[in-house]
Amino acid sequence: MSLSRAGSSGITPLNALLLIIVIGGAVAAVFGPQLLPSQLAGGIEPLALPPGAGHLLGTDSLGRDMLARLLEGMRTTLFVGLAATLLALVIGTLYGAAAGLAGPRADETMMRGVDVALALPFMLLVILLVSLFGRSMLLLFVALGLVAWLPLARVARAGVHNLREEPYLEAARMMGGSRVYVLRAHLFPQLGAPLAVYATWMLPVVMMQEAFLSFLGLGVAPPRASWGTLIADGVARIETAPWILLSAGGSLALWLIALHLAGERLARQLNVHRTTGALERTTAAGEPDGGEVTA
Amino acid sequence: MICSRPTACVIAAILLAWTAGCGSGEEHTGYVGRARPPDRPLLRIAQGGDPAGLDPTRYSDQPSWRVARLLFEGLLAFTSEGRTTAGVADGWSSNSEATIFTFQLRPEAQWSDGRPVTAEDFVFAWRRVLDPKFGAETAEGLYIIKGARQINSGKADPHSLGVRALTERVLEVELEHPDPEFPIRTALPSFFPLPPEHVAARYLDWPGGLDPVCNGPFVLDRWLPDDRLIVRRSETYWNREAIELESVVLFPLADPNTTINLYRAGEIDWTTANTIPMDQARELLRRGAPEVHVSSVYATYYLELNTVREPTNDPRVRRALELTVPRESIAEGIYGMGHRPSRVLVSTNLPDWTAPEVPAGDSETARRLLAEAGYPGGDGLQPLVYLYNAGGPHGAVAEFLQGAWQQQLGVRLELIPMDFASMEERGRRGDFHLLRSSWLADLPAPVEFLAVFQAGNPNNLTGWEDREYDRLLEQARHVLDPGERNRLLRTAEERLLNDAPIIPILHYATVQLIKPYVEGLTPNPLDVIGWAGLRVNLEWRPPR
Amino acid sequence: MAAATVKLLRRRLLAALPTLFAVITITFIIVRAAPGGPFRDEKAVPEAVRANIEARYGLDEPLAVQYVKFWRNLLTGSLGPSFQHPERSALGVLVGGAVPSLILGVAAALVALLLGLGGGTLAALRPRTSPPVSAVALIALAIPVFVLGPLLIRLFALELGWLPAALWGSPRHLVLPALTLGLPVGGALVRFWRTVLTESLDAPECIAARARGLSDLEVVRLHAAPRSLPLLLNYMAPMVAALVTGSVVVEKIFAVPGMGRYFVDSALARDYPIVIGATLIYAVALLVVHTMADLAHARLDPRLHREHNR
């Protein structure tokens, strides 16, 4: 414990590096595609070219500049990841808090609903959504968000349960505060820290799931790219054009690592632990780290 | 807490290990991976999936057909070059109109339980395929036999089928319309015989289980679904002397990279048509590796255009699109393994076939046509909806067309990748402008392609119909002279292409890897294989 | 103790039945809502042929009738034939695939546990080793399995020739897929276990134990680990359920004849019986693992009288 606290104070070189990767990446993802648009090769042979002059990271399998594609892909992946995380936060918190505040019977029913949803194979849901509505960024983040809110609902509910017995809430209610008021004024601020931490843990997981779906051919529709579609392209050409996988897989890995570390740091700053209070049962319900292996 | 140094070290180690792998020794030896024959006459084949089942007559997927041809044999069979040869029948003849055929069965043909193969076995099997209760997806293949369509639609008794066992060893077949090439059809698995005494008891289901009674060059040894299927040489096959392989193992490998990895590791001797990654195939081809075998096939990649919906209902729009397809780039750049860019539907490598002329024109003509249709420079056009089944290079082709048409015509595409079932459903609803499609002919005949666009064919999603076209095809079916028949069919194809309900892009080719010690295996356009004479040279060693 | 166990089991079973009913019903609705249908090939068949096929599999009846018939079948232990492999029963197909998946999943879970507990304990006990251990764990976490698999094959199968590149059948064939599947989970576990153990080591009883002169490992074995074990069980349960019901990608890359691929393939092929069967197996695995975790929980910590409201 003493060790881990030591690292959290001040700006260490690593903290600075993390900041640079996360913020720099985000900026590049937002503005990069405008500055460096990717184009189809005009020539007869749409070939993957190795890194060199002209193309810093080489070209993809249709002859487009890999760096430009990476920036595009990063934008998609980041957007999908953030949007899905936000969606999950909103649904999960509201649902969980509602269950936590509702009577025991409604609570039981609502949580049984979460159990049922968690027992459905995630892929089935996505395949259905994709085949019903076609492939799009919107659908992708909705699908990912719809799965990711389930464990969050547990976090929120557990948080509410823990807080419900607190004397000051009792006091607030006695003073005539409505349920909504109690929620807004007392519960959400209390839940803020664990949920923020949970969100930073979830973002990399959602990004990984996006990559996984793209790998299975269920990602965004071309010509849009995501890190997942680029990695899938790279895996298919691992022998003849390894730079595609190297740059796409490498940048995804770098970002995920940065996010993980950032999440850890945030948890420490906010003094939230995986093992304390609200988060305890969550990890049981589906700590999403294992998500990418879930069928 | 300086994490970055060890992190960097580990990344560096991984990269090093990987790049070390990139400079493989293959360039020097000339072989693709390990080239060492197995220790006994055994052929290990990678095919793209597991067979749907063992019943030879019921399925139409390529793995099932390959297994069917190992275990069973029809009236005619294929040689390793893909030509037909005598199978269970050792002679056949027809009346002068080519509507009634008589097959003589060879007396030495027998089932694996020792009983001779009789004409009744064929009658039984064909009636079963057409029985509506059986619900075989292959039934259409037998519609050429008199009465077959009525029987399959439940409107006639199966016994009214135009097939008779004149004696134990003489089979007579009556056709709906003349077809001098009918005997070739009987080499297709849906025409294979079955032993009634083993099948009749559980008529609807395949009763063979783990030890089906069969009449082909091999018998089933064991089938571990999703893992491997093993057959061993039959002791009862009439031509068993010509079968040199002791056993054949088929692996259902769905992943192309896995397939080539196992081939490199020497655990696979033959990768069947297009089961390895395209980029590696192209690379090996460029290097001139002798194990890479390219063969053209009778198959065409084309786009279907919705001729009912705006704006593709205007032939000028369709022709403008057709004229500006970057076929060379797609065939060479995306495929590039013997794929032939083409503007016609019927595969140009069919024997004795000459492709029709397609109206010439360049991108200038295309822009003019588009302007005439009311969309100069693509003005006033909504993006065209382009459906394709995700997977393989279809996405790359779509993206390439999107770029080319935008650039040349100002026409934009909305690309919609889907899974096959969804695409088919949406295509059938007519909710598209362009739809990716392809056609693979089971037999080397032009009408196999052209019939797709005859009225009522379920494979035609374009909404295009032409009475004259239908008439030409029907007329050609009744003409016996091949030259005259081809002339009629060519006229029909010309009509089709002039109206452009489809945009042909290329004719497919197959790439297969065959180990140097496998002899007598010739990739061919029908992608069939005769097992007689195929051998594994156990003595083979790489020359020094 | 035994009575409590029986009570817990009964409770679990009673809670499981409505869950399973809902899972099956929802899956039935979902899969039937998907556009298209089974038996669609590149070559479309004439109307008569299609009608025959649909009649044979009862797909021509109203959906409600099909749903009732499905339940009647299920209660007699049958899912009907698989549409992709009509000669085989859907249940047979799934059970055949479940065995390799189970073997692979258990092996991968062992890999993950070994790495996770080993690495986590090391990092917790020896703070100096924590940064490099965490770094390796992070990398393991951040590499997708579909990148890791090909890299391992490349190195250990093609270059070094130590292990088979794919296929199934011997313990040697198990090594690479188990590593591929287990490493990322192991990475996550290292980080988890390090945190949990560090906290446990700060507990008074552990400090006391140390003061009594127990070695670090003894403190972990006798005090810190037992304290943390319930958390570990909670953490691992859903992962194990996912691992043992197969991984789509790893099984495909290594040509393992498992059931993982059925989660994707059967949905794409609209193989309704297999889709529902696979979902059912997944749900049951999840329930079993959770129940086992709870049982172990109760055993490890008899003081625990927690509400089991799942």
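**Exercise 1.** Find the contact between the side chains of Asp115(A) and Arg112(A), and state where both residues lie.

Solution. Asp115(A) and Arg112(A) meet through their side chains in a salt bridge, at 3.9 Å from N to O. The term requires a side-chain nitrogen of Lys or Arg within 4 Å of a carboxyl oxygen of Asp or Glu. Next, locate the two residues: both belong to helix α4 (residues 104–119) of chain A, 3 residues apart, about one turn of the helix. Helices are DSSP runs of H or I with at least four residues, strands are runs of E with at least two, and both are numbered from the N terminus. Last, Asp115(A) and Arg112(A) are both buried. Buried means under 20% relative accessible area, exposed over 50%, and partly exposed in between, with a 1.4 Å probe and protein chains only.

The model is predicted: local features need pLDDT of at least 70 and side-chain atom pairs pLDDT 80 or more, while totals for chains, interfaces and linings use all residues. Residues are numbered from 1 along each chain as its sequence is written, chains are lettered from A and ligands numbered from 1 in the order in which they are written, and side-chain values use heavy atoms, without hydrogens and water.

**Exercise 2.** Describe the salt bridge between Arg428(B) and Glu424(B) and classify the accessibility of each partner.

Solution. The N to O distance in this pair is 3.1 Å. Arg428(B) and Glu424(B) lie 4 residues apart in helix α14 (residues 420–429) of chain B, about one turn of the helix. Arg428(B) has 42% relative accessibility, so it counts as partly exposed. Glu424(B) has 10%, so it counts as buried.

**Exercise 3.** Which parts of chain B does the salt bridge of Asp466(B) and Arg495(B) link?

Solution. The closest N and O atoms of Asp466(B) and Arg495(B) are 2.7 Å apart. The pair links distant parts of the chain, 29 residues apart: Asp466(B) is in the loop between α15 (446–450) and α16 (467–477), and Arg495(B) is in helix α17 (residues 482–499). Asp466(B) is buried, with a relative accessible area of 16%, whereas Arg495(B) is partly exposed, at 37%. Over all chains there are 57 salt bridges. A network of them links Asp60(A), Arg64(A), Arg69(A), Glu72(A) and Glu399(B).

**Exercise 4.** How many aromatic pairs are there over all chains, and why is the pair of Phe215(A) and Phe146(C) stacked?

Solution. Begin with the rule: rings of Phe, Tyr and Trp (its six-membered ring) pair if their centres lie within 6.5 Å; planes under 30 degrees apart count as stacked, over 60 as edge-to-face and the rest as tilted. The count over all chains is 30. The rings of Phe215(A) and Phe146(C) have centres 4.1 Å apart and planes at 15 degrees, so this pair is stacked. The contact crosses between chains, from helix α8 (residues 179–215) of chain A, which holds Phe215(A), to helix α6 (residues 145–159) of chain C, which holds Phe146(C). Phe146(C) is buried, with a relative accessible area of 1%.

A second pair, Phe122(B) and Trp126(B), is edge-to-face, at 6.1 Å centre to centre and 80 degrees between the planes. Phe122(B) and Trp126(B) are 4 residues apart in helix α4 (residues 119–130) of chain B, so about one helical turn separates them. Both Phe122(B) and Trp126(B) are buried. They belong to one aromatic cluster, which also includes Phe101(B), Phe103(B), Phe182(B) and Phe191(B).

**Exercise 5.** Trace the strand pairing that involves β9(B).

Solution. Strands pair if DSSP finds at least two bridges between them. Strand β8 (residues 218–224) and strand β9 (residues 228–233) of chain B run antiparallel and are joined by 6 bridges. Here Arg222(B) stands opposite Ile230(B). The hairpin of β8(B) and β9(B) has 3 residues between the strands, and Asp226(B) takes a positive phi near 70 degrees there. β9(B) also pairs in the antiparallel sense with strand β10 (residues 247–252) of chain B, over 4 bridges. In that pairing Ile230(B) stands opposite Val249(B).
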